[in-house]
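Here are some notes to read alongside the structure.

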Amino acid sequence: LNNNNMRLNYKSLLLTAAFLIAAHCVFAADPWDGTYTKWTNGSGTQTDPYLIETPSNLAYLARLGGCKGLYFLQTTDLNMNDKQLVDPNGANTFFYGNYDGGNHQIANMTSCLFKYVFGASIQNVTIAGSSTYPMIQMSWGNTTLTNCHNKSTAEISGAGLVVIAEKGCLSM
């Protein structure tokens, strides 16, 4: 090979490597394996929120409920792998806390992120992928949604965010 061909091959190799790295970054979210794991980082305050770093952390939060006065920050895109996040026929799990999606996506949900919210603050979350459920089943008590979006490829009732907002308490 002459120098021009070697440079061309080298450039092709670099471009291919860059493309593969970029593709991995876009699709790096490991799919949820169905486990529930409590978060280990953060203290739950506004200045040091609990970090939701994996789909298992999000699933734990969704099933836990409560969390009044606690703060959570999602640190990456999450792939819920078309598994049930909350049991639609299960416990009446309420969320009273503050959830910041960190401008990340939650993809491929087959249940609501939060079944019921009361006086919660949810912001910077995008529902994406093949998600077939809204973010919230029912909202009460001055719940606020800020910078939340539905970019799902599936049709979702309630604009993909909230099915029922009681007495106009939801502000967006």
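**Notes on cysteines and aromatic rings**

1. The count of disulfides is zero, where a disulfide is a pair of cysteine sulfur atoms within 2.5 Å. The model is predicted: local features need pLDDT of at least 70, side-chain atom pairs count only at pLDDT 80 or more, and totals for chains, interfaces and linings use all residues. Residues are numbered from 1 along each chain as its sequence is written, and side-chain values use heavy atoms, with hydrogens and water left out.

2. Cys67 is buried at a relative accessible area of 10%, and Cys148 is buried at 11%. Buried means under 20% relative accessible area, exposed over 50%, and partly exposed in between (1.4 Å probe, protein chains only).

3. The model has 13 aromatic pairs. Rings of Phe, Tyr and Trp (its six-membered ring) pair if their centres lie within 6.5 Å; planes under 30 degrees apart are stacked, over 60 edge-to-face, and the rest tilted. One of the pairs is Trp32 with Tyr36, edge-to-face, at 5.6 Å centre to centre and 80° between the planes. Trp32 is buried at 2%, whereas Tyr36 is partly exposed at 35%.

4. Trp39 and Phe72 are edge-to-face because their planes stand at 80°, with ring centres 5.1 Å apart. Trp39 lies in the loop between α1 (3-26) and β1 (50-52) and Phe72 in strand β2 (residues 71-74), so the pair ties together parts 33 residues apart in sequence. Helices (H or I, at least four residues) and strands (E, at least two) are DSSP runs, numbered from the N terminus. Trp39 is buried at 7% relative accessibility, and Phe72 is buried at 2%.

5. One aromatic cluster is formed by Trp39, Tyr50, Tyr60, Phe72, Phe95, Tyr99 and Phe114.
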